[in-house]
Amino acid sequence: MFKNRKYGAYTVFLCLTCFGYMFLAAFLEEQTDILRRFITPADTGWTAGAMELPAIAGRLLAVPMAFVCMWSFLRFGVRRTLIPCAAAAALGCGGLICANGLDACGGVAAGHYWLFCPSLALTLCACAMLRLAVAALCVGWAIRCRGRVLGTASLGGPVFAAVGAGAVAELVAVGLGGDCRPLYLAAMVLLALLALSTRFLLRERPEDAGLYPDGEGRAPACEPEDDPPPMKVSRLLLTRGFWIILLGGGAVAAGAAGSLGTVQMRLALLGGEALADAAPWLAFGAILTIPACYIFGWLDDRLGSAVTMPLLGLGSLLPSAALWAMPAGGNAALFLLLSLGIGWTAGGLPVCLPCAVAHVYGRPQYLAAARVLLPALTIPATLVPLAAAWLLDAGRAGTAYTALLAASAGGVLMSLLLITVKDPRRKPQAAQQ
């Protein structure tokens with residue numbers, strides 16, 4: 001894939017480092033489900049509501065912090081911002097260790113809820129920032145191979161999803177006697193190592209290492225010789241591609257997040273053995289995210305975001321449709337449809353959205369556009385699952401999934417308009433839309 005060995009070595013190290021960040025982010029984002037198995041009200045632990053509150057706060061806090069983080073990328077650089085984000089995630093892990101509250105270690109009597117809340121919220125917020133930084137680094141290093149680099153670097157999340165929170169909980173229960181703290185200590189050490197490699201071994205862009213994107217021997221013809229000044233927000237709002245990504249990508253992200261975020265709740269409410277019967281299918285869906293992540297990157301390099309974004313939207317229809325039609329007790333055919341939708345959507349999202357922004361604005365203006373677009377796209381991805389869960393709890397599952405299906409369908413139609421925006425990789429001079 002790369003003609004230049006030095007470039008290939010840098011890119012392999014970039015992908016490995018980003019893989020580590022994404023794997024740890026996926027693990028830490030699932031910690032609420034893991035901790036809920038070892039902090040239970042039956043053993044004088046905190047209630048389910050008390051466990052969920054800081055998780056919700058962390059996800060909501062990630063929305064404004066995403067704007068701050070993307071502004072910092074543009075102002076100070078991705079690497080300089082990524083290191084404090086990793087430090088924040090490590091600090092949150094340290095707070096969770098000190099907060100304790102585990103059944104095996106004394107429950108509430110030994111725990112500190114005042115420390116648990118901000119630590120969990122900080123950790124979840126920092127994980128969202130790590131994902132933004134990984135995407136920005138990958139876009140900075142590749143043009144022609146952008147999708148494949150981003151797809152490879154993002155595999156850490158799907159790999160952890162394939163392992164599953166259940167396997168981690170089993171490890172804690174059997175190997176650690178119900179004590180999660182060694183896992184958080186290991187995460188702190190790994191985050192420290194990744195931060196050091198980011199500081200001393202990674203580079204912001206290939207030009208910083210005397211190289212060019214994709215390992216080419218000359219500057220890319222699709223970019224201007226001198227880096228243009230970052231586009232102002234007022235100018236971004238006047239570009240056609242901005243609204244296509246905001247509305248189309250936002251609708252797809254809303255439909256995907258709403259369905260994926262309510263799978264467990266919907267199956268549990270159906271009663272019977274639905275949740276237990278669906279377990280192997282959900283595991284299969286998690287495994288499918290691994291090839292889907294790379295396939296979407298390969299497709300983006302070959303066909304462009306005008307094809308991959310509508311494909312992602314079509315995939316987000318599957319889990320919503322399966323959950324909407326799922327009968328009490330479950331159904332094997334719908335479980336298969338659900339697993340395909342999970343793999344399709346969860347694997348494609350972290351690749352397609354950054355690639356779509358780069359498709360419209362190119363590498364020189366990616367950070368300028370992403371500082372508004374990507375944080376804005378986190379708003380529906382954060383709020384829609386909460387709204388869908390509220391509708392499910394109120395017994396209005398039909399309304400919830402009909403709205404999610406409509407959002408995904410609207411996103412597909414809007415994303416098709418990306419065909420009117422030329423990909424900078426396929427024209428001789430980068431021109432802003």
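Predicted model: local features only at pLDDT ≥ 70, side-chain atom pairs only at ≥ 80, totals over all residues.
Modeller: Residues are numbered from 1 along each chain as its sequence is written, and side-chain values use heavy atoms, without hydrogens or water. Local features need pLDDT of at least 70, and side-chain atom pairs count only at 80 or more, whereas totals for chains, interfaces and linings use all residues.

Biologist: What makes this space a cavity, and how many cavities of 30 Å³ or more does the structure hold?

Modeller: A cavity is a set of points on a 1 Å grid over the protein atoms alone where a 1.4 Å probe fits but cannot get out, and its volume is the space filled by probe spheres set on those points, which are joined across faces, edges and corners. The structure holds two cavities of 30 Å³ or more.

Biologist: Which residues line the largest cavity, and how do they divide by class?

Modeller: The lining, meaning residues with an atom within 4 Å of a point, consists of Leu-35, Ile-39, Leu-96, Asn-100, Leu-102, Phe-116, Cys-180, Arg-181 and Tyr-184. Ala, Val, Leu, Ile, Met, Phe, Trp, Tyr, Cys and Pro count as nonpolar, Asp, Glu, Lys and Arg as charged, and the others, Gly among them, as polar, and the lining therefore divides into seven nonpolar, one polar and one charged.

Biologist: Why are H1 and H5 called roughly antiparallel?

Modeller: The axes of H1 (residues 5-29) and H5 (residues 113-141), which are lines fitted to C-alpha atoms over the stretch in contact, come within 9 Å and cross at roughly 160°. Angles over 145 degrees count as roughly antiparallel, and H1 and H5 therefore qualify. Their contact (heavy atoms within 4.5 Å) includes Tyr-7 and Leu-14 of H1 and Leu-124 and Trp-141 of H5, and by class it has 17 nonpolar, two polar and two charged residues.

Notes
1 Å grid on protein atoms, 1.4 Å probe; cavity = no way out; pocket = protein on both sides within 12 Å on 5 of 7 lines; lining within 4 Å. Axes fitted to C-alpha atoms, helices over the stretch in contact; angles between N-to-C directions. Helix = DSSP H or I, 4+ residues; strand = E, 2+ residues; numbered from the N terminus. Parallel < 35°, antiparallel > 145°, perpendicular 65-115°, else oblique.
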